[in-house]
Amino acid sequence: MADTATLTQSTPGGGLDLNAITKMFARGEYALGAGVMALVIMLIVPIPAMLLDFLLAISITLSVLILMTALTIQKPLEFSAFPTVLLLATLLRLALNIATTRLILAHGHQGPDAAGNIIEAFGGFVMQGNFVIGVVVFIILVIVNFVVITKGSGRIAEVAARFTLDAMPGKQMAIDSDLSSGLINEDEARKRRKELEGESNFFGAMDGASKFVRGDAVAGILITFINVIGGMIIGVAQEGLPFQEAANSYTTLTVGDGIVSQIPALIVSIAAGMLVSKAGVEGAADKAIGIQLFSDPRALAMVAGTALFAGLLPGMPMIPFFLLSGAAGWGAWRNFAAERARSDAEQQSKVDQARSQTVAEPPIKDSLNVDELKIELGFGLLGFINETAGRKLTDQVKAVRRQIASEFGFVVPQVRIVDNLELDSEDYRILVKEVVAGRGRLKPQMHLAMSTSGSAPSLPGERVNEPVFGLPAIWVDEATRETAAVSGYTLVDSATVLTTHFTELVKENMADLLTFGGVKTLIEDLPKAQKSLIDDITPGQITYSGVQRVLQNLLRERVSIRDLGTILEAIAEASASSTDLLTVTEHVRARLARQLCNANTDGSGTLCVTALSPSWEQTFLDALIGSGSDRQLALEPSRLHAFVNDLRGAFERAAQVGDTPVLLTSAGIRPYVRSLVERFRPQTIVMSQNEIHPKARLRSAGSV
């Protein structure tokens, strides 16, 4: 309404205000509308030759501007108005084609300058007096534009539009995911969605705009043929010109017109191809092409060698190939030198940075830290840490920690795996509290073959003793592995040997690894009702360190403490009447009778026992001296030797028939018998009569 009021506002003399009209058309939308209407009018109204020259110059200049813009933009979306510009440029060329056609047909008999100086100059320069040359050049330009550039650009735009639309849901979900996870804020998400929508609209519009260029090329071909045929008819039939003169005049004008229109069309087609083909390239085209095409010195070196070889072939011109070979070789040398300079600069930067950093000396108190568990590897075994074909050693250690936690209720401390250059390449050591608990030697690329009978395998290879149980074994390579498997031998890879050794050492040292802090953690993880029990008995009946000692006593004989609630109840019962931790431990074991019996039953669910004879029971009772926590076993050496022989004989007889019995004693002497047996037969389980569950099925394997 304001614009209408401005337009209808009259001057004092009664006419329109020309100043207001000028300001109105200075606005962009009015100027663009006026320009489009002018192009439409050009399709109808004749244009003088002088004005036509000016408009043709604008068409050529505009096409160059479009190409340069397409080359210099960083991203295709920066020229999102290209489809509209392409439509306007195509409309301008079509209007000029019609205008030149009107002039050629109306005044072509007057000479080659009938359609303006630009068409005359292009026709004369390209044809050079031979209209056949001009026709051939024009046809080639049309083929290049229509068949090669326009068709390829249209295909790229079509594929890009389809892929962009297909990928839009995934990109939208990625934006929403980043927004919900807090990686971007709402403004950034809105900006990305807008860019995504603009990209989709742009490639969709480019798919349609490519049809403008193709239609422009087809129209140029048809208009050219119409000009030639119509001009010949008008020149010969109406103007009375000789056929040769009419053919020369009208063909020169028509070919000049065709070339003048096809050159801007070709330039705009190239711009369209550049724009859609650089969809995935950031930066201006010159920088992207220069970096990606001429920055690899190896490629340039191969080009230099190929050009040099081509120049040496018989009949080939040497100078151009040698010049190209020299230029490519110089570029390769420059790039190689630049790569070395960058590498040296990076190394020097790292060195300077390392020198500039102040080396912080670790506090002295760090030297007091003790690693609970450590595995030291020789440099030949470091592949276990970075294993790619199988499981890493770190993963196997995690599995061991999980297994022991599930089986014994004991959380193994963190394990530190380090290399030790003081070890031989294939040696390893396992340390418990910085003290070597076990060591061995492995063959990373071989397998350890063992016989289930305990005898040495009869296979070729390096004979060793298995590091865990000391059984005879042989290291076999891949060639012997299949033979060993067929022969029934047990095959274990090197990493598993190390893991098994580590597992056994952890089980042997669980009591030492259960720290005061570990006990506190286990208790804190209990349900609230069970934690209240420990609050009732500590520190009045027993201290936390006392609870730790009881749990250590159980773990020392590989009794699971997973049922910690029952253990704490038993501790509360026993500590109410006794402060002797050994007595408390025995009471706890009696409460765990079901668990102990179940852990030592055979496959048939029967507990095989070898009982201590009454005479030895009495002998041990008589050998106990002291009272309370000061009680000790004082057995004569001769009697001790006799007991050892009797025990070994009884268990060897049981082993001959396939039994693995537990040693059954009375409750009063069980701890002392166990302390004696573990010195020469640590795998033997010693249980008291109080630890036999009433529902356990027993089977006697003799007596000692």
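This is a predicted model: local features need pLDDT of at least 70, side-chain atom pairs count only at pLDDT 80 or more; totals for chains, interfaces and linings use all residues.
Me: Let's start with α13, what's its length in residues and how far does it reach?
Reply: Helix α13 covers residues 393-408, which is 16 residues, and it reaches 22 Å from its first C-alpha to its last, close to the 22 Å expected at 1.5 Å a residue.

Me: Which residues of α13 are buried?
Reply: The buried ones in α13 are L393, Q396, V397, V400, I404 and F408. They sit on the same side of α13, because they cover an arc of only 100 degrees around the axis.

Me: Why would residues three or four places apart point the same way?
Reply: An α-helix has 3.6 residues a turn, so residues with that spacing point the same way.

Me: And what exposed residues are on the face turned away from the buried side of α13?
Reply: That face of α13 carries K398 and R402, both of which are exposed.

Me: Switching to pockets, what's the volume of the largest one?
Reply: The largest pocket has a volume of about 680 Å³. It is lined by 31 residues, and the closest to its centre are A599, N600, V662, Q683 and I685.

Me: Which elements give two or more residues to that lining?
Reply: Helix α13 comes up again here, together with α22 (593-599), β9 (606-611), α24 (637-656) and β13 (686-688). By class, the lining of the largest pocket divides into 13 nonpolar, 9 polar and 9 charged residues.

Me: How much space lies in the second largest pocket, and what lines it?
Reply: The second largest pocket holds about 490 Å³ of space, and of the 13 residues that line it, the closest to its centre are E504, E508, R558, P682 and Q683. Helix α15 (residues 494-508) gives the largest share of that lining, 3 residues, and the classes in the lining of the second largest pocket are 4 nonpolar, 1 polar and 8 charged.

Me: R558 is on that list, so where does R558 sit in the chain?
Reply: R558 is in the loop between α19 and α20 (564-575). Although R558 is not a glycine, it has a positive phi of about 60 degrees, and at 36% relative accessibility R558 counts as partly exposed.

Me: What about E434, what is its phi?
Reply: E434 has a positive phi of about 65 degrees, although it is not a glycine. E434 lies in the loop between β3 (427-432) and β4 (435-441), and it counts as partly exposed because its relative accessibility is 36%.

Me: While we're on the backbone, which residues does a cis peptide bond join?
Reply: A cis peptide bond joins T538 and P539, with omega at about -5 degrees. P539 is found in the loop between α18 (528-537) and α19 (544-556).

Me: Now for the cavities, how many of 30 Å³ or more does the structure hold?
Reply: The structure holds 3 cavities of 30 Å³ or more, and the largest cavity has a volume of about 60 Å³. The lining of the largest cavity includes L56, R93 and D257.

Me: Which element gives the largest share of that cavity's lining?
Reply: Helix α9 does, with 4 residues. The lining of the largest cavity divides into 5 nonpolar, 3 polar and 2 charged residues.

Key. Residues are numbered from 1 along each chain as its sequence is written. Side-chain values use heavy atoms; hydrogens and water are left out. Buried means under 20% relative accessible area, exposed over 50%, partly exposed in between (1.4 Å probe, protein chains only). On a 1 Å grid over the protein atoms alone, a cavity is a set of points where a 1.4 Å probe fits but cannot get out, and a pocket is an open set with protein on both sides within 12 Å along at least five of seven lines; lining residues have an atom within 4 Å of a point. Grid points are joined across faces, edges and corners, and a volume is the space filled by probe spheres set on the points. Ala, Val, Leu, Ile, Met, Phe, Trp, Tyr, Cys and Pro count as nonpolar, Asp, Glu, Lys and Arg as charged, and the others, Gly among them, as polar. The expected span of a helix is 1.5 Å times one less than its number of residues. The arc is that of the directions from the helix axis to the C-beta atoms.
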